[in-house]
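Here is a brief report on pockets, cavities, strand pairing and surface. Look over the model before reading on.

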Amino acid sequence: TLTIVAVLCLSVAAIAQEQQDEQTFRLLRDSASAEKELELEEQLPAWTPRIDQGTIEVSVALGFLNLNTTLLKHDQIIYKYTQENSYFGDMTIKGESAFNPMLRLGFNWSRWFALEGVGGLSFSEYSMSVENRKSQKNEPGAPVISDPPLGEYDAEQRSLLTGQAGINAVVYPLNIAQRINSRFHPYVTAGVEHFWYNMNSNYTNETATSFGGNFGGGIRVLADENISVRFEVLMHMNKLDWTPAKYFTERNEGTVRVPLEDWPNDGVRSQVTEFEANDMMLLNWSVGVQGSF
């Protein structure tokens, strides 16, 4: 009996020792730690929506450039050539609305004034039309035939690419007198830029370059401290001056070259050496996302 009692006592003691050796975890924070963390959170400043001085701005925008205007026009120029006849008419080339992605990199010199570099591309097509048509056999002294059948010819519905690069000033007018704390910041912008025009045409053989300017405005919506959404409308102004190609077409693996000729009122064919420049007024709108750092 004494032996049984001793064994039971030793077992109870061993079980109690194991329970004391088990690890315990404190799942609740003490009140002092909780109060300290709450105090740190209260010390963090709340974000105020505003335009800050000294920030770098980077934005990517997608939009459209309205190239639905006359790109090239020339009266009584060759538009079709066959072995027997040459065809002339009043030629007009027009563009269309072009997809226009843009990239901007700027710096806020103050709460109301910023400078930004701008670069963009556009992708579209152009189309050609011919009126007041005439034709003549490829023989000396051949008579002129008015309004010949249009027939099949290359109407040049081909690709048109543009590039643009410049620097713009951005002014937030509501921030000039005082700092405005708001998510919505309207602005005006203007600047200088360089345009490049390139179309896959028989009439031109070089990219046309043009120096011009732009002006417009928009609104910037601050989503948080670092991200904004930007809506913008611009008017681009420049002068488009193409360089004529030397040859209209080449045949028989380049052995037959047809010069780019026009047919003025005196009835004598002559090489086209220049085109009349066009004043371009191009409307551009875009929507973009802007980051501030």
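How many nonpolar, polar and charged residues does the lining of the largest pocket have? The lining has 7 nonpolar, 6 polar and 6 charged residues. Ala, Val, Leu, Ile, Met, Phe, Trp, Tyr, Cys and Pro count as nonpolar, Asp, Glu, Lys and Arg as charged, and the others, Gly among them, as polar.

## Basis

This is a predicted model: local features need pLDDT of at least 70, side-chain atom pairs need 80 or more, and totals for chains, interfaces and linings use all residues. Numbering starts from 1 along each chain as its sequence is written, and side-chain values use heavy atoms, without hydrogens or water.

## Largest pocket

The largest pocket has a volume of about 310 Å³. Among its 19 lining residues, Trp47, Thr48, Arg50, Asp52 and Glu225 are the closest to its centre. Strands β10 (208-222) and β11 (227-240) each supply at least two lining residues.

On a 1 Å grid over the protein atoms alone, a pocket is an open set of points with protein on both sides within 12 Å along at least five of seven lines; a cavity is a set where a 1.4 Å probe fits but cannot get out; lining residues have an atom within 4 Å of a point. Points are joined across faces, edges and corners, and a volume is the space filled by probe spheres set on them.

## Cavities

The structure holds 2 cavities of 30 Å³ or more. β5 (102-108) and β6 each give two or more residues to its lining, and β6 gives the largest share, 3 residues. By class, this lining has 4 nonpolar, 3 polar and 4 charged residues.

The second largest cavity also holds about 40 Å³. Its lining includes Met102, Glu193 and His236. Strand β8 (residues 158-171) gives the most, with 4 residues.

## Strand β16

Strands are DSSP runs of E, at least two residues long, numbered from the N terminus. They pair if DSSP finds at least two bridges between them. β16 (residues 278-292) runs antiparallel to β1 (residues 56-66), joined by 9 bridges. Glu57 stands opposite Ser292 there. β16 also pairs with β11, antiparallel, over 14 bridges. Here Glu232 faces Ser286.

β16 gives the most to a nonpolar surface patch, with 3 residues. The patch has about 950 Å² of accessible area together. Its members include Leu62, Phe231 and Trp285, and Leu121 of the patch is found in β6.

Patch residues have over 30% relative accessible area and no salt bridge, with nonpolar side chains (Val, Leu, Ile, Met, Phe, Trp, Tyr) joined within 5 Å. Areas come from the Shrake-Rupley method with a 1.4 Å probe, and only the protein chains shown count as cover for residues. A salt bridge is a side-chain nitrogen of Lys or Arg within 4 Å of a carboxyl oxygen of Asp or Glu.

Technical notes. Patch = residues over 30% accessible without salt bridge, like charges linked within 9 Å, V, L, I, M, F, W, Y side chains within 5 Å.
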